[in-house]
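Please go through the structure below with this briefing beside it. It takes a metal site, an interface, strand pairing and salt bridges in turn.

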Amino acid sequence: MHEMSIAQSLVAIIKEEMEKHGLTRLHAVRVCHGRLAALVPEALSFAFEACTLGTPLEGVQLEMQDIPIVLRCSQCATEFSPEEGDLFMPCPKCGEGLGHEVLQGKELYLDNIEAE
Amino acid sequence: MEVPVVRNILEANDRISAQLRKLFAQHRILVLNLISSPGSGKTSTLERTLTDLAGEFKMAVIEGDLRTDNDARRVAATGAQAVQINTDGACHLDSSMIQEALEAIDLSGLDILFVENVGNLVCPAEFEVGEDYKVSLLSVTEGDDKPEKYPLLFAESAVMLLNKTDLLPYVDFDMARAERFARALNKDIAVFPVSCRSREGLGAWYDWLRDKVREKKNA
Ligand SMILES: Nc1nc2c(ncn2[C@@H]2O[C@H](COP(=O)(O)OP(=O)(O)OP(=O)(O)O)[C@@H](O)[C@H]2O)c(=O)[nH]1
Ligand SMILES: [Mg+2]
Ligand SMILES: [Zn+2]
């Protein structure tokens, strides 16, 4: 359950961004998370709700977007997205199964906020 | 209005981690972040390592646990410096906890700092603590599919210790399968089968440590 720490960091960044842009009312928040990052969206929503209770950010729903995993084959450099539930599939082009580089899928970032 | 942000949510932790890394680099201390499920043998590995290499290196340990200081007391019994962090429910250590714990550690002349993370295969993988390398442990009683179920940790680790090999006759743990999954996203991971009980295999782990200490000193 590292979602509580993530929610706290998220709230701090949102506050900073709102201040920077002179905004006072938050409407929406969009978080992007790679599928390798093992984030549980429901747990983050819940933690965010708990962190913002009784604050000006209360009541805002998180919008979460997952980012698919993209690997680069260690042999032939083909880029591919492993199929759901089969992260360790061999390269679809040359069959290599070892040492693929993770190009995408570890991200965890605040993409944008909507506020006035 | 919509404000594009695109900021890493864990940036505050990463920033402190980078500061710690700088501090450790100045002191040329090798820092290892030990991660595994509860009970895989992190503390046992440390007890062996601290005892067997006591004549070669000056080592210290930061112990992370939900509660109790049992592990810190176990490793302190070897003569090494040990500091306990109680996370009070948090499932992982973060950089600010390490920063605080460092106040109780004498860094001068230190060769290796081990950080034993809270027993958990998921959360600690996301939070850097200023380490040079992550070392993951997997015991043969846990099942050989762990690297498949928890890919991030094994993709980010420099070493996978496969512990409790003395129990192999009693479980069906396929060493090759565990290794294959770990290498799928991490070809160069060093895999060391060890037993803290029989001591078998620990030599290869110690040689890896010697290599990395040497690299750090010459960096
Ligand atoms: N048979 C056998 N038992 C082991 C071995 N290594 C550790 N154990 C036992 O496994 C249990 C857990 O070991 P610890 O070293 O405390 O594990 P840990 O990973 O530090 O556990 P937490 O800190 O609670 O997450 C203890 O009872 C150890 O004696 C081994 O190589 N073989
Ligand atoms: Mg322990
Ligand atoms: Zn290929």
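Along the chain, the donors of the magnesium ion (ligand 2) are spaced T-x27-D-x44-E. B:Thr43 sits in helix α2 (residues 42-52) of chain B and B:Glu116 in strand β5 (residues 112-116) of chain B, so this pair ties together parts 73 residues apart in sequence. The model is predicted: local features need pLDDT of at least 70 and side-chain atom pairs pLDDT 80 or more, while totals for chains, interfaces and linings use all residues. Residues are numbered from 1 along each chain as its sequence is written, chains are lettered from A and ligands numbered from 1 in the order written, and side-chain values use heavy atoms, without hydrogens or water.

**Magnesium site**
- The protein donors are B:Thr43 (OG1), B:Asp71 (OD) and B:Glu116 (OE), lying 2.1 Å from the magnesium ion (ligand 2).
- Donors are N, O and S atoms within 2.8 Å of the metal (3.2 Å for Na, K and Ca); water is not among the atoms, so sites may look incomplete.
- Helices (H or I, at least four residues) and strands (E, at least two) are DSSP runs, numbered from the N terminus.

**Interface of chain A and chain B**
- Chain A has 34 residues in contact (heavy atoms within 4.5 Å) with 29 residues of chain B.
- About 2,800 Å² is buried between the two chains, and carbon and sulfur atoms give 66% of this area.
- A:His2, A:Ile13 and A:Phe88 supply 21% of the area that chain A buries against chain B, more than any other three residues.
- Buried area is the accessible area (1.4 Å probe) that two parts lose on being put together, summed over both.
- There are 14 residue pairs in polar contact between chain A and chain B, both residues at pLDDT 80 or more.
- A polar contact is a pair of N or O atoms within 3.5 Å; within protein, one must be able to donate a hydrogen and the other to accept it, and residues adjacent in sequence count only if both atoms are side-chain atoms.
- On the side of chain A that touches chain B, α1 (3-20) and β6 (108-115) of chain A each supply at least two residues.
- β6(A) gives the largest share of that side, 8 residues.

**Strand pairing**
- β6(A) pairs with strand β1 (residues 2-8) of chain B in the antiparallel sense, over 5 bridges.
- There, A:Tyr109 has B:Asn8 in β1(B) as its bridge partner.
- Two strands pair if DSSP finds at least two bridges between them.
- Strand β1 (residues 26-34) of chain A also pairs antiparallel with β6(A), over 7 bridges.
- A:Val29 stands opposite A:Ile113 in β6(A).
- β1(A) runs parallel to strand β2 (residues 62-67) of chain A, joined by 6 bridges.
- A:His33 has A:Asp66 in β2(A) as its bridge partner.
- An open sheet of 3 strands in chain A has the order β4-β3-β5, with antiparallel pairing.
- β4 (79-80) and β5 (101-104) of chain A are at the edges, each with a single partner strand, so one side of each has no neighbour in the sheet.
- Strand β3 (residues 70-72) of chain A and β4(A) run antiparallel, joined by 2 bridges.
- A:Leu71 stands opposite A:Phe80 in β4(A).

**Salt bridges**
- The count over all chains is 28 salt bridges, where a side-chain nitrogen of Lys or Arg lies within 4 Å of a carboxyl oxygen of Asp or Glu.
- The interface of chain A and chain B holds 3 salt bridges.
- B:Arg7 and A:Glu16 meet in a salt bridge at 2.9 Å, N to O.
- A:Lys20 forms a salt bridge with A:Glu17, with the closest N and O atoms 3.2 Å apart.
- A:Lys20 and A:Glu17 both lie in helix α1 of chain A, 3 residues apart, about one turn of the helix.
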